[in-house]
Amino acid sequence: MGETRDDRCELAFSLRDIGASIVPINILNPIPGTPFAEIKPPLPMEILQTIACFRFILPRQELMVAGGRAVNLRDLQSMVFMAGASALMVGNYLTTLNQPVEQDLQMLKDLGLDPSWDKHGFSDQEI
């Protein structure tokens with residue numbers, strides 16, 4: 001939303017200081033008609049570097065990559081785990097669609113990761 005790298009690092013330190021245990025990382029998805037429609041989201045490598053920075057500052061916290069992941073990272077989504085993420089939000093978001101849950105589960109399987117996920121009927125999107 002226009003913050004700098006220093007702003008993001010300062011946020012990570014603040015989250016560490018207050019003892020946050022789960023840290024969702026949302027990435028701007030500019031939507032026409034909203035106040036942030038004209039703001040450019042960070043480039044994919046900047047997003048991955050931010051995740052790595054958060055992992056360095058928050059080594060024991062759950063880092064969950066959530067909103068804006070698919071639209072901003074595109075084919076680099078699987079790299080969030082190499083950067084230090086430990087979780088993904090799957091399914092649709094409040095105002096936008098995400099990629100199908102099955103696609104996320106296949107990505108985890110391809111990476112050799114076990115989502116330890118019980119199917120609860122979240123298959124609400126077509127592949």
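**Arrangement of the chain and its contacts**

In this predicted model, Gln77 occupies the loop that runs between helix H3 (69-73) and H4. Gln77 is buried, with a relative accessibility of 5%. Leaving out residues up to four places away in sequence, Gln77 touches Arg69, Ala70, Gln99, Asp104 and Met107.

Two of these partners, Arg69 and Asp104, are themselves joined by a salt bridge, in which the closest N and O atoms are 3.0 Å apart. This pair links distant parts of the chain, since Arg69 belongs to helix H3 and Asp104 to helix H5, 35 residues apart. Arg69 counts as buried at 0% relative accessibility, and Asp104 is likewise buried, with a relative accessible area of 0%. Elsewhere, salt bridges with shared partners connect Glu3, Arg5, Arg8 and Glu46 into one network.

The count of salt bridges in the model comes to 5. Side chains of opposite charge can pair when their charged atoms come close. One of the bridges is formed by the side chains of Glu46 and Arg5, at 2.8 Å from N to O. Here too distant parts of the chain are linked, with Glu46 in helix H2 and Arg5 in helix H1, 41 residues apart. Glu46 is buried at 15% relative accessibility, whereas Arg5 is exposed at 53%. A further bridge brings together the side chains of Asp17 and Arg16, at 3.4 Å from N to O. Asp17 is exposed, with 59% relative accessibility, and Arg16 is partly exposed, with a relative accessible area of 41%.

At the level of the whole chain, the secondary structure consists of 5 helices and 3 strands, which follow the pattern α-β-α-β-α-α-β-α along the sequence. The protein chain has 127 residues, of which 37% count as buried. Its accessible surface is about 8300 Å², and carbon and sulfur atoms account for 58% of that area. Among contacts with a separation of 6 or more, 67% are between residues 24 or more positions apart.

In soluble globular proteins, nonpolar side chains tend to be buried together. The largest nonpolar core of this model has 23 residues, and those with the most contacts inside the core are Val23, Ile51, Phe54, Leu58, Val65, Val80 and Leu88. At least two core residues come from each of helix H1 (5-18), strand S1 (22-25), helix H2 (44-57), strand S2 (62-65), H4 and helix H5 (101-110). H2 contributes the most, with 6 residues. When neighbours within four places in sequence are set aside, Leu58 is in contact with Ala12, Leu15, Arg16, Val23 and Leu63.

Helix H4 includes Phe81. Beyond residues up to four places away in sequence, Phe81 touches Ser86, Ala87, Leu88, Leu108, Leu111 and Leu113. Met79 is partly exposed, with a relative accessible area of 36%. Together with Met45, Leu76 and Met82, Met79 makes a nonpolar surface patch of about 400 Å².

The structure holds 0 disulfides. Of the cysteines, Cys9 is partly exposed, with a relative accessible area of 25%, while Cys53 counts as buried at 18% relative accessibility.

How values were computed. Residues are numbered from 1 along each chain as its sequence is written. This is a predicted model: local features need pLDDT of at least 70, side-chain atom pairs count only at pLDDT 80 or more; totals for chains, interfaces and linings use all residues. Side-chain values use heavy atoms; hydrogens and water are left out. Patches are made of residues with over 30% relative accessible area and no salt bridge: like charges are joined within 9 Å, nonpolar side chains (Val, Leu, Ile, Met, Phe, Trp, Tyr) within 5 Å. Accessible areas come from the Shrake-Rupley method with a 1.4 Å probe; for residues, only the protein chains shown count as cover. A salt bridge is a side-chain nitrogen of Lys or Arg within 4 Å of a carboxyl oxygen of Asp or Glu. Buried means under 20% relative accessible area, exposed over 50%, partly exposed in between (1.4 Å probe, protein chains only). A disulfide is a pair of cysteine sulfur atoms within 2.5 Å. Helices (H or I, at least four residues) and strands (E, at least two) are DSSP runs, numbered from the N terminus. Contact means heavy atoms within 4.5 Å. A nonpolar core is a set of buried Ala, Val, Leu, Ile, Met, Phe, Trp, Tyr and Cys residues joined through side-chain atoms within 4.5 Å.
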